[in-house]
Amino acid sequence: MATSPSNSRFIRATRWLALAALIFFLARAFRGGWTQLNTDFPNYYTAAVLVRQGQPLHNYYDWTWFQRQMNYAGIEHQLGNYNPHTPLTALPLVGLSDLAPLRAKQVWLVCNLAFLAMTVWMLSRVTRFRLEQVWLLAFCGYFSLRTNFLYGQYYVFLLFLLTLSFYCLHRRKHTLSGVLAGFAFGLKLYGGPFLLYFIVKRNWKAVFGMIATIACLGVLAITLFGWHDIVYYATQIFPRSLESGAIDPYNPGVPTISTMLRHYLVREPELNPHPLWEAPRLFFFLRTFINVTVIVLLSLGVALKPSTDRRDFAWFVIAVLLLSTNAASYTFILLLLPIALLLEESPPWQRACFIAAYVLLTAPLGLPSLFPKVWLLVALFSMLGWERWRSLSRTLIVGITILAALIASVDARQHMRAYAEEPGQRFERVAVEEGAIFSSYPAVSRAGIFYQSIGGERYVLRWFHDGRDEELVFAGQAFHPVATTPDGPISLEVVANRTSTTMQFDPTTRKTTVQVAPLPLDATKPVTSPDGKWMAFTSTRNGPEQVWLRNLADGRDMLLTGGNCNSSSPAWALDSKSILFASDCGRAFGLPALYRARLP
């Protein structure tokens with residue numbers, strides 16, 4: 001059948017527009033990432049170098065240790081961390097770890113360009129849209145695409161894996177679809193909820209493929225890192241990653257339900273000093289209640305009133321983004337998959353809504369304190385579920401609500417017990433500075449309190465004295481201040497140009513000199529009080545790292561800190577009546593604040 005002239009002109013115009021969009025993308029987003037080594041890629045690259053070197057996995061999640069390794073890997077003047085990635089996140093980049101950092105990023109960008117091209121091709125094969133139309137849809141999410149390539153992020157690769165999983169499902173290669181979803185879970189956790197999708201759809205071949213892949217990846221992780229480090233990840237890192245973001249769990253720039261609830265309901269003196277309403281119990285309740293309700297409504301909607309595979313799969317992808325605890329502009333490129341699948345089977349008004357939501361979610365929006373992207377995701381999720389939920393009986397809806405409320409009540413009660421034991425509820429905060437995300441390794445001298453902090457794009461020392469909190473900047477990353485004597489200089493480690501140097505800072509003269517004899521900087525070493533009566537140490541005997549006190553007269557141990565979080569780096573006050581320490585309770589993993597505990 002011949003194509004009409006008007007339709008032919010439309011196709012040509014679409015292709016020219018797609019070509020213009022591609023040229024613009026390559027000239028701006030791709031080129032910008034090609035010439036700059038920004039934020040996220042150095043984290044993946046450093047981790048890949050560490051995997052190749054056989055370094056212990058548990059150290060990856062230590063912010064200070066990881067920052068030191070970044071410098072050794074040749075990445076200067078940039079902060080980095082590995083939290084909350086899985087043990088195998090860096091695996092695809094191990095082959096690039098013998099290249100220079102910028103060259104490795106360039107290779108990764110070329111790979112991402114190929115992943116994006118294959119994603120567009122697959123979406124054109126499972127829908128009626130032509131290649132140029134799918135590419136134009138992807139380009140509508142330009143800001144998300146731009147940050148992915150500028151930062152060397154992971155989400156284009158993840159989009160490719162999830163799209164390939166659906167493509168195999170569409171081609172009835174169910175086992176392979178499950179394998180790919182399992183692989184996505186092993187690398188970034190986002191594939192995990194699709195095990196529930198396959199179970200609800202009774203696709204047992206996909207269930208088998210996914211479980212088998214996860215098991216194989218687990219064996220691979222144990223082989224690479226050892227059993228104890230994988231247990232450490234499973235018990236310490238993984239639970240915390242499900243509860244909060246990677247850096248600031250109160251920041252309205254992180255558009256997640258968990259962050260929104262924390263921002264409104266939980267007080268944190270540095271990160272969220274003025275919540276809308278200080279109600280931590282309500283926060284714990286609502287967080288679990290919303291998550292359980294979404295999961296149950298999603299599962300029942302698919303099980304009791306299934307739609308096409310593409311519509312159900314798209315709904316699950318949107319639900320995954322809605323329930324995520326860590327999101328940024330680059331994350332929302334994942335929406336390309338569900339939006340492309342939904343457009344074909346939707347009426348015109350829904351198509352307009354889907355495209356508008358995609359553009360808004362991938363673009364920078366104002367009024368972050370209102371969390372507009374969270375509400376857009378809620379609207380997308382509800383739009384897809386409304387027709388299914390209308391068929392549910394009132395009794396079933398009431399039952400779902402009661403079940404979610406009961407689970408949330410039990411969970412909130414358990415969390416409040418741990419919350420009451422956290423240092424923030426029992427001890428005095430020290431050196432509070434609004435917006436500070438890291439304060440640790442306190443060192444006490446007569447000149448004041450010195451501690452490691454983050455200032456701008458580097459680690460610095462801060463000096464708390466005479467009611468002032470002063471920042472001390474060195475020519476490199478400043479780590480682990482130590483007061484060897486009450487009246488002497490402060491020793492510290494400065495890392496720059498792939499070299500670690502022990503330095504001394506004299507508070508009296510404010511001069512810094514190189515210390516000839518290296519100082520052992522071990523924050524886990526027990527410290528004895530100046531009066532010789534007590535010893536403070538850290539232990540993980542009860543799970544998270546906690547500070548303990550030992551009475552040296554009778555040898556009895558006493559737990560000082562508590563909560564489902566970590567407390568570390570104890571340092572004695574000069575009068576032996578109190579102890580300073582760092583704790584990440586109420587904050588992201590490994591990003592502590594300082595506390596002072598009076599002796600009982």
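Here is a quick tour of one predicted protein chain, from its overall build to a few of its details.

Because this is a predicted model, local features need pLDDT of at least 70 and side-chain atom pairs count only at pLDDT 80 or more, while totals for chains, interfaces and linings use all residues. Residues are numbered from 1 along each chain as its sequence is written, and side-chain values use heavy atoms, with hydrogens and water left out.

**The whole chain**

- You'll find 20 helices and 16 strands here; helices (H or I, at least four residues) and strands (E, at least two) are DSSP runs, numbered from the N terminus.
- The radius of gyration is 26 Å, close to the 25 Å that the globule rule gives for 600 residues, so the chain is as compact as a globular protein of that length. That radius is taken over C-alpha atoms, and the rule is 2.2 Å times the number of residues to the power 0.38.
- Along the principal axes, the C-alpha atoms fill a box of roughly 95 × 55 × 45 Å.
- Of the 600 residues, 55% count as buried (buried is under 20% relative accessible area, exposed is over 50%, and partly exposed is in between, using a 1.4 Å probe and protein chains only).

**A four-stranded sheet**

- Four strands line up as β2-β3-β4-β5 in an open, antiparallel sheet; two strands pair if DSSP finds at least two bridges between them.
- β2 (439-445) and β5 (468-472) are the edge strands with a single partner each, so one side of each has no neighbour in the sheet.
- β2 and β3 (residues 448-455) pair over five bridges, and a hairpin joins them through two residues. Among the bridge partners, A443 goes with F450 and S445 goes with G448.
- Seven bridges join β3 to β4 (residues 458-465), and one of the pairs is I454 with Y459. These two strands also form a hairpin with two residues between them, where G456 in the turn has a positive phi of about 65°.
- β3 is well covered too: eight of its eight residues are buried.

**Salt bridges**

- The structure holds 27 salt bridges, each being a side-chain nitrogen of Lys or Arg within 4 Å of a carboxyl oxygen of Asp or Glu.
- K201 and D312 meet at 2.7 Å, N to O. The two are 111 residues apart, with K201 in the loop between α10 (194-200) and α11 (204-225) and D312 in helix α15 (residues 309-323).
- K201 is partly exposed at 23% relative accessibility, whereas D312 is buried at 0%.
- D312 also meets R388, at 2.8 Å, N to O. R388 sits in helix α18 (residues 372-389), 76 residues from D312, and both are buried.
- R462 and E433 form a salt bridge at 3.4 Å, N to O. R462 lies in strand β4, and E433 is in the loop between β1 (428-430) and β2.
- R462 is buried at 7%, while E433 is partly exposed at 27%.

**Two helices, inside and out**

- Seven of the 10 residues of helix α7 (residues 142-151) are buried, so the rest of the structure largely encloses this helix. The buried ones include Y142, L145 and F149.
- Just after α7, G152 takes a positive phi of about 65°.
- W16, in helix α1 (residues 5-35), is exposed at 62% relative accessible area.
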